[in-house]
Amino acid sequence: MMTRLLYSLTRWWRCYFLLLVASILSFVLIYVSKNDPSLEYYFPYFRLGSDYYNFYASGGAAKIKKLMEANNLDYELIVSNSKFCISYDPFDDGPDIDFLILSIGQTQNYKHRIAARSTWAKYLQKLKSKLVFVVGKPNSPQNTLADEIHKHEDLIQINMPDHENYTSTKTLISVRWALTYCSKAKNLFILSDSAVLNLKKFKSIEKENFIQKYAINGQCDYSDENFAKALHLFFQDLNLKKKNESNAKMHKIDDYTGQYCSNLGWIISLEGARRLWETALSSPYMMKISPAYLNGYLAYKAKLNYSNLFKYQDTLPINKNCLSVFEKKPEFLLCAENFTISSRYSNYIAHWKSPAQGQLNLSKL
């Protein structure tokens, strides 16, 4: 009898409690879906802001250690596309490529590639530029990728896991490919496949010719001291372990302060890219997930400067697409998009196909 009485008294309380929990969860989900433009819940490397670094770097070397792995730059190419930069014009001494754009992505992001090919990438030839997509090897074979490679001839595929943890390594392998097969390109433009390029602004870069030779050229106004301190702690810990080993080479503790550039895109001259590649070859470790380890810490080790030349919309525009952003802010070079969301993809394509081509007047490029 007592049990039944207690049950009846607490029944309504439990219902109210469950309703409260459900309401809180619903509010959180709605808030995240509307106010998480950087999409870090879905793509942890999409935008590496200081908050993201603080998340794992504030804990020091212990957290950094989990993200460091032995450097492996020996991955082979499944699809090399070695003739991508070769000109078949008998009167052409060599291809005149001002910017070789390396779009770093994943096999599954085919809508990102479709959007690029059908919009801004169509005009690159007028700007003495070429675009190649870089993907890894998915867990299960995809026949659609083979068809895409054959049809467009603008992909290289690396025999490595097609996962965001390998973004830094994938980028470096694509730099190696460019140094090998596109050695006459003046500059490399490392681009996330989530990026949309503002062609008018891009044309002004080519015209003004203000790319610094030995620098990471991009939006390089990010800095995180916690990230730098955690790296220092990691290497100090490494040196302590090596202290008692005979002939062990100690790791130099650098004065790196934590500066890095937006992962949405950055430009580096071919000479600067060669220096970055050689530095990476001599580095025993590579940080998983973090491309900013590449354009931040490794760039520092390669004695490359950070040229904060450009402005980006490097978080996902809310309730608008990238073409709308460029109309209002023509000084922006890049804008982040997520075409895996069907509504964003269709909105962007529809805007581009409008009579004014997104009011960018690209016919005059």
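Mentor: Helices (H or I, at least four residues) and strands (E, at least two) are taken here as DSSP runs, numbered from the N terminus. The structure is a predicted model, in which local features need pLDDT of at least 70 and side-chain atom pairs count only at pLDDT 80 or more, while totals for chains, interfaces and linings use all residues. Residues are numbered from 1 along each chain as its sequence is written, and side-chain values use heavy atoms, with hydrogens and water left out.

The part to look at is an open sheet of 8 strands, in the order 2-5-4-3-6-11-8-13 and with mixed pairing; two strands count as paired if DSSP finds at least two bridges between them. At its edges stand strand 2 (77-79) and strand 13 (305-308), and as each has a single partner strand, one side of each is left without a neighbour in the sheet. Direction ignored, neighbouring strands are turned by 25 degrees against each other on average, where axes are lines fitted to C-alpha atoms (for helices over the stretch in contact) and angles run from 0 to 180 degrees between N-to-C directions.

Within this order, strand 3 pairs with strand 4 (residues 129-137) in the parallel sense over 6 bridges, and L102 has V132 in strand 4 as its bridge partner. Strand 3 itself covers residues 99-104 and contains S103, which counts as buried because its relative accessibility is 5%; buried means under 20% relative accessible area, exposed over 50%, and partly exposed in between, with a 1.4 Å probe and protein chains only. Leaving aside residues up to four places away in sequence, S103 touches L131, V132, F133, V134, L191, S192 and D193, contact meaning heavy atoms within 4.5 Å. F99 also belongs to strand 3 and is buried, with a relative accessible area of 3%. Between F99 and A185 there are 86 residues of separation in sequence, yet their C-alpha atoms are 6.5 Å apart in space.

Turning to the helices, helix 4 (residues 110-118) lies across strand 4 and strand 5 (155-161), and runs at about 170 degrees to strand 4. Helix 9 (residues 270-281) also packs on the sheet, where it touches strand 6 (187-192) and strand 11 (265-269), and its direction makes about 100 degrees with that of strand 11.

Helix 9 in turn meets helix 6: their axes come within 10 Å and cross at roughly 130 degrees. That angle makes helix 6 oblique to helix 9, since angles under 35 degrees count as roughly parallel, over 145 as roughly antiparallel, 65 to 115 as roughly perpendicular and the rest as oblique. The crossing of the two helices is left-handed, a label used if the near helix is turned anticlockwise from the far one by less than a right angle, and right-handed if clockwise. L172, V175, R176 and L179 of helix 6 make this contact with L270, A273, R274, W277 and A280 of helix 9.

Helix 6 is mostly covered, with 12 of its 15 residues buried; among them are L172, V175 and L179. Its expected span, 1.5 Å times one less than its number of residues, is 21 Å for residues 167-181, and the end C-alpha atoms of helix 6 are 21 Å apart, which agrees.
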